[in-house]
Amino acid sequence: MYDPLIDDSLAGNSPYPNSYWADVAGTAPEDDGQLNKDITVDVAIIGAGYTGLSTALHLAREHGIKATVLEANRTAWGASGRNAGFILKSSGRKSYASMQSQWGEEVMRGIYNEMCAGVETVKDFISEGINCDPQDNGYIRVAHKPGMLKSLLATATLQKQMFGYDVQELTREQLHQDYMADHNAYGAIRYQDGFGINPLKLAWGYQKLAREAGVTIHCDSPVDNWHQESSSKPGQQSKTTQILHTPNGIVKAKKVVIATNGYSAKNFHPLIKSKSLPVLSQIIVTQPLTQEQIAACNFLTSNVIMDTRALKYYYRKLPDNRILFGGRGAITGKNATDPYYANRLLAVLKTNFPALSSLRYDYAWSGWLCMSLDDMPHVYQNEQQSVFYAMGYCGSGVSFSVQAGKRLAEKVAGVTVPNLPIYQTPLVTFPFAPLRRVGQWGYFQYGKVKDRWL
Ligand SMILES: Cc1cc2nc3c(=O)[nH]c(=O)nc-3n(C[C@H](O)[C@H](O)[C@H](O)COP(=O)(O)OP(=O)(O)OC[C@H]3O[C@@H](n4cnc5c(N)ncnc54)[C@H](O)[C@@H]3O)c2cc1C
């Protein structure tokens, strides 16, 4: 499997992974095919995931700029077509308490508002007719140890106080009786407003809306070389043009948006070099549960669920009664398809629900998350305002990437965006960048110890 820390470039025209989403999503909407001639455009966007599509859609609808999107493979071939489909009011991994102590209450609230706006924007797009199988509202965070319930309850109290956020507290018994009998859950908190969708259908819906708004989307068009040309006429400021090479056509653009997130190849562009850590997340989707199996573990809910481990597990019951179960995957792309990682998830699922001991999985796949050093996403640009990016969602980007795309479009159009660190500061460079994987391995070891013993 492609490894962004090892490979110099992403090969084009790969099929979707063998995911449940690709199996049930039906037929992809039309795109504009491979780029097969040289073109000159105002704005080129690299990557047709949520970030790229949202930027293109907002540019077209709100600023009258009809961008050209270049995608190496297919729409949402990256994380946008592989994720668990949890729509949550969050992104990054930094807690609101830590934002408050670092930046103060006003900034913390500003970031919270942007996270909320992301969910609202996704809902608005869905209401335009995107059929992406939304499930019932509700996001459950389960305490994987008795001690963790205390910290969940403290979070709930803080969120109620700070944001008036409606957070329900559930004892182990209430959880088992009303939602599902997860044997490793010692109580939970439940937000009323997260929900699950089919992520690939969502992306295809954005693609359709974007093309209707005048956006051009070239799939099978990997940007495999990029340079910049400057020209100056006497008495005028020098102009730079971005030159993007794809296998069968060159794009000359005044402005370029990098929307490649965890799939950005290691030396893709100096603006993002060594500024993120791609980490694999693995998902399995089981066989459909029988009515007896559902009854045996009282799996009533289709809310989205995540636990409190440092190395988190996340799961949900899908519309056809299968369970989607996810957690960390391999460290390198080379090992990504080793069945060990899918089997490890299945084993954990069975400890959560011992009644499912004979269950097998029908689908297994993984995808690259994009971790940032400061645990926050960043939407930023170069000094010349000619190259822009939004990335670093740290595994939580289904809704916020759409808000990031909206803000990115504003930046490209020269409109002022909110004065928040996520929009006004660049991604931080990793110190000792070649050793990022060693750091990841160390974190996994620490996480294992913490989740078990601390
Ligand atoms: C297994 C998994 C589970 C997840 N679950 C959730 C979840 O439940 N909820 C949540 O909020 N977030 C989740 N996430 C994170 C979320 O999916 C991402 O944050 C989000 O999809 C990022 O979207 P994006 O458009 O920025 O990047 P991507 O969707 O990764 O798109 C990047 C695109 O760029 C293309 N590309 C790369 N290089 C080039 C090039 N040189 N030329 C042309 N194209 C190029 C790639 O082919 C790819 O399609 C999950 C991620 C994974 C992997």
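Helix 12, residues 436-453, lies across strand 12, strand 15 (323-328) and strand 16, and runs at about 50° to strand 12. Contact here means heavy atoms within 4.5 Å; helices (H or I, at least four residues) and strands (E, at least two) are DSSP runs numbered from the N terminus. Axes are lines fitted to C-alpha atoms, for helices over the stretch in contact, with angles from 0 to 180 degrees between N-to-C directions.

This is a predicted model: local features need pLDDT of at least 70, side-chain atom pairs count only at pLDDT 80 or more, and totals for chains, interfaces and linings use all residues. Residues are numbered from 1 along each chain as its sequence is written, and side-chain values use heavy atoms, leaving out hydrogens and water.

Eight strands form an open sheet in the order 5-6-4-13-14-15-12-16, with mixed pairing; two strands pair if DSSP finds at least two bridges between them. Its edges are strand 5 (167-170) and strand 16, each pairing on one side only.

In total 37 residues surround the ligand, each having a heavy atom within 4 Å of it.

Which residues make polar contacts there, meaning N or O pairs within 3.5 Å? The side chain of Ser 80 has an N or O atom 2.5 Å from a ligand oxygen. For Gly 397, a backbone N or O atom lies 2.9 Å from an oxygen of the ligand, and for Tyr 50 the corresponding backbone distance is 3.0 Å.

How values were computed: Polar contact = N/O pair within 3.5 Å; in protein donor to acceptor, adjacent residues only side chain to side chain.
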